[in-house]
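Trainee: I've just opened this one and I'm a bit lost. Walk me through it, please.

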Amino acid sequence: METLTEQDRANIGRTAAAPVLSVKNLQVQYAAESGNVTAVDDVSFDIGAGEVFGLAGESGCGKSTIANAVMRLLQTPAKITGGSIELAGRNLLDLGEEELRRTRWRDVAMVFQSAMNSLNPVMTIGDQIVDVFTTHERMPKKAARERAAELLKLVDISPDRLKSYPHQLSGGMRQRAVIAIALALKPSLLIMDEPTTALDVVVQQEIMHQIKELQQRLGFSILFITHDISLMVELSHRMAVMYAGKLVEVAPSKDMLENPLHPYTNALMGAFPPLTGPRVELTGLPDAPPNMAHPPTGCRFHPRCPLAIDECRTVAPPLLPKTVNHDAACLLVPGYVLPRERSRP
Amino acid sequence: MVFLLRRLGFYVIAFWACITLNFFLPRLMPGDPVSRMFSQVQSQMRPDQVDALRRLFGLDDRPLWEQYIAYIGKIFRGDMGISLSRFPSPVSEVIGSQIGWTLLLGGTSLIIAVILGNFLGILAAWRRGKFLDSVFPPLLIFVGSFPYFWLAMAALYLFGITLGWLPLSHAFSTGLSPSFSLKYINDVAAHLILPALTIVLVSIGGWMLGMRNTMIATTAEDYITMARAKGLRPARIMFQYAARNAMLPSVTSFGMSLGFVVGGALLTETVFAYPGIGYQLLTSVQALDYPLTQGIFLTITAAVLAANFLVDIIYVRLDPRVRVS
């Protein structure tokens with residue numbers, strides 16, 4: 001596992017003055033016959049320039065929905081029903097179709113989970129890179145082809161591969177090609193939705209290494225989504241843990257790993273074996289995540305929480321700062337009193 | 001290339017199997033056409049006359065394998081025997097005189113139905129649940145489920161008789177002789193409209209629905225989401241990313257239909273008194289014209305195989321995954 005550099009440490013938890021991405025009170029609902037299901041509920045977070053922000057949680061907790069909401073890729077029955085998504089100071093939710101099309105990929109690009117399926121099987125890799133340039137920059141084909149070759153070199157793929165079709169590439173290569181396509185227009189934010197889930201561990205490490213290197217070289221921000229906590233701690237500066245559509249804890253990754261405050265985060269950390277050190281007994285969580293059509297009252301985690309008290313059943317805990325730069329949504333974690341609240345009568 | 005050669009080999013074998021079946025099937029049936037055909041007049045014919053006819057039709061007493069080899073040799077020389085009902089025209093000549101009209105009618109209506117149907121299917125899937133998608137498929141299926149002859153006669157009655165816009169029957173007006181003049185071509189086109197239109201009307205729904213369904217499945221693919229995320233223009237995503245992939249099954253059905261075009265469109269030919277293979281096949285069967293029936297079957301088989309090979313070639317161009325490196 002790679003350790004964080006001094007520079008990284010200094011950046012930890014620090015949100016730049018003007019965040020690249022600022023999500024505020026985001027709410028996403030899926031329309032169902034039995035009524036609307038709120039998949040993302042009142043989620044707010046900022047991502048600073050050059051920051052890698054991780055989003056972790058079980059399957060179905062709403063991570064990918066957030067990613068797709070930021071790209072505005074959600075389709076019916078999913079609908080953004082509240083909040084704002086500001087990218088470089090512009091609210092993406094206010095953009096019309098054509099403005100949105102221009103913004104996509106130029107300001108925010110996305111690497112999808114399934115490398116196998118995110119490339120068009122009947123187009124060459126080259127053509128799929130070239131069409132980004134010809135569409136967004138009106139670049140002539142020849143120049144676009146040269147840029148495409150450079151991009152492939154950036155991710156260590158031989159430019160000969162421009163003429164290859166996706167099925168002629170290995171899974172890892174395909175995912176690297178997708179990363180190359182994502183970086184084509186040098187976006188300020190890259191969303192990575194479980195970019196290595198479909199790959200084996202060795203290839204996964206190679207890709208993660210490459211992403212980290214590219215991020216440091218090019219300085220873009222990353223919204224990194226995974227359910228693999230160890231991978232996330234390795235890559236991201238700050239991370240958020242999500243449960244049943246809500247953020248339950250936000251903290252610098254190191255801090256989160258060493259000192260998780262929320263019982264759910266605690267359980268997540270306990271479910272992963274440490275790579276080094278003595279063997280420890282792994283602990284899991286009983287039961288399955290809640291049915292989002294009828295989320296539990298109060299704290300959504302209370303039915304599975306080993307520490308739940310009566311109040312947890314009725315009071316929904318807000319996400320509050322508990323220590324410096326460390327927010328959690330739990331009634332049991334003693335609160336950190338904000339300075340401005342201290343001065344109130 | 002290797003792939004195409006292998007396919008070609010397969011079609012050669014398939015064609016050989018067809019010739020063989022075509023040869024043996026009628027010979028396995030009891031009786032022979034000459035005795036049946038001339039059963040009424042047999043009493044008036046001398047045995048040596050009957051014998052001469054048998055030999056003329058290739059019904060000799062040589063061993064079966066000798067006949068078989070002779071038959072294959074003849075097929076490759078384009079000699080499919082002599083038609084009994086159109087005696088003494090050779091079968092190849094009878095088919096040759098009809099096949100042009102069949103190809104014109106079948107080809108035109110198939111190409112129009114495929115292009116229009118697929119295009120409507122693409123649009124309907126792309127704007128799923130909107131006007132085009134909710135009105136056209138049920139409407140076209142409704143039209144398509146009319147008995148064809150009823151629809152054809154209704155069209156004939158409306159456009160041919162009541163409105164008098166279009167000619168009632170035949171492939172061109174009597175009195176005109178085939179030539180490459182504008183007048184003749186216009187006349188042929190005018191005669192083609194009604195038969196082709198009715199075929200298009202009944203077949204377009206299937207093409208549209210097929211394309212719509214594949215297209216809907218394709219638009220759920222991850223590469224479509226990625227294309228949208230890339231900020232590509234909607235038209236490019238719709239055609240280059242979605243339709244380009246969704247059309248693959250359609251190409252296969254197109255190949256099948258293309259082969260069967262050669263079989264003619266019996267009902268159309270009957271209602272519009274249009275010349276063609278379909279009607280020819282019917283009369284040949286009714287007249288117990290074995291050589292002609294066999295000749296038409298063989299032509300249809302060859303056409304189906306050729307069309308399939310053509311589709312294989314197109315498919316290699318369209319889907320890189322088929323290419324074996």
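Mentor: One term before we start: axes are lines fitted to C-alpha atoms (for helices, over the stretch in contact), and angles run from 0 to 180 degrees between N-to-C directions. Helices (H or I, at least four residues) and strands (E, at least two) are DSSP runs, numbered from the N terminus. The model is predicted, and local features need pLDDT of at least 70, side-chain atom pairs pLDDT 80 or more, while totals for chains, interfaces and linings use all residues. Residues count from 1 along each chain as written, with chains lettered from A and ligands numbered from 1 in written order.

Trainee: OK, two helices of chain B then. At what angle do H7(B) and H8(B) pack?

Mentor: Helix H7 (residues 148-162) and helix H8 (residues 182-219) of chain B pack at about 135 degrees, and their axes are 10 Å apart.

Trainee: Which residues of H7(B) and H8(B) make the contact?

Mentor: H7(B) brings B:Tyr148, B:Leu151, B:Ala152, B:Ala155, B:Leu156, B:Phe159 and B:Gly160, and H8(B) answers with B:Leu194, B:Leu197, B:Thr198, B:Leu201 and B:Val202. Contact here is C-beta atoms, placed from the backbone, within 7 Å. By class, that H7(B) and H8(B) contact has ten nonpolar, two polar and no charged residues. Ala, Val, Leu, Ile, Met, Phe, Trp, Tyr, Cys and Pro count as nonpolar, Asp, Glu, Lys and Arg as charged, the others, Gly among them, as polar.

Trainee: And how far apart are the axes of H8(B) and H10(B)?

Mentor: The axes of H8(B) and helix H10 (residues 234-261) of chain B are 8 Å apart, with an angle of about 140 degrees. On the H8(B) side you'll find B:Gly210, B:Met211, B:Thr214, B:Met215, B:Thr218 and B:Thr219. They meet B:Ala242, B:Ala243, B:Asn245, B:Ala246, B:Pro249, B:Ser250 and B:Ser253 in H10(B). This contact of H8(B) with H10(B) splits into six nonpolar, seven polar and no charged residues.

Trainee: Switching to chain A: how many helices and strands are there?

Mentor: Chain A has eleven helices and twelve strands. Among chain A contacts with a separation of 6 or more, 65% link residues 24 or more positions apart.

Trainee: In what order do the strands of the eight-stranded open sheet come?

Mentor: In chain A that open sheet reads S6-S7-S8-S3-S9-S10-S12-S11, with mixed pairing. Strands S6 (108-111) and S11 (320-323) of chain A stand at the edges with a single partner each, so one side of each has no neighbour in the sheet. From one strand to the next, the twist averages 25 degrees. To count as a pair, two strands need at least two DSSP bridges.

Trainee: What does S8(A) pair with, and in which sense?

Mentor: Strand S3 (residues 52-56) of chain A pairs with S8(A) (residues 221-226) in the parallel sense over five bridges, and A:Phe53 stands opposite A:Leu223. Strand S7 (residues 189-193) of chain A also pairs with S8(A) in the parallel sense over five bridges, with A:Ser221 as the bridge partner of A:Leu189.

Trainee: How many residues of S8(A) are buried?

Mentor: Six of its six. A:Ser221, A:Leu223 and A:Ile225 are buried on one side of S8(A), and A:Ile222, A:Phe224 and A:Thr226 on the other.

Trainee: Which strands does helix H10 of chain A lie across?

Mentor: H10 (residues 263-270) of chain A lies across S3, S9 (238-243) and S10 (246-252) of chain A, at about 105 degrees to S9(A).

Trainee: What order does the sheet of four strands have?

Mentor: S2-S1-S4-S5 in chain A, an open sheet with antiparallel pairing. Its edges are S2 (35-47) and S5 (90-91) of chain A, each with a single partner strand, so one side of each lacks a neighbour in the sheet. S1 (residues 21-32) of chain A is joined to S2(A) by nine bridges, and the two form a hairpin with two residues between them. A:Tyr30 has A:Val37 of S2(A) as its bridge partner. Two bridges join S4 (residues 78-87) of chain A to S5(A), where A:Asn91 is the bridge partner of A:Glu86.

Trainee: Last one: how many residues does each chain put into the contact?

Mentor: Chain A gives 22 residues and chain B gives 18. H4(A) supplies the largest share of the chain A side, four residues. That side has ten nonpolar, seven polar and five charged residues.

Methods: Two residues are in contact if their C-beta atoms, placed from the backbone, lie within 7 Å. A residue is buried if 20 or more other C-beta atoms lie within 10 Å of its own, exposed if 12 or fewer, and partly exposed in between; C-beta atoms are placed from the backbone.
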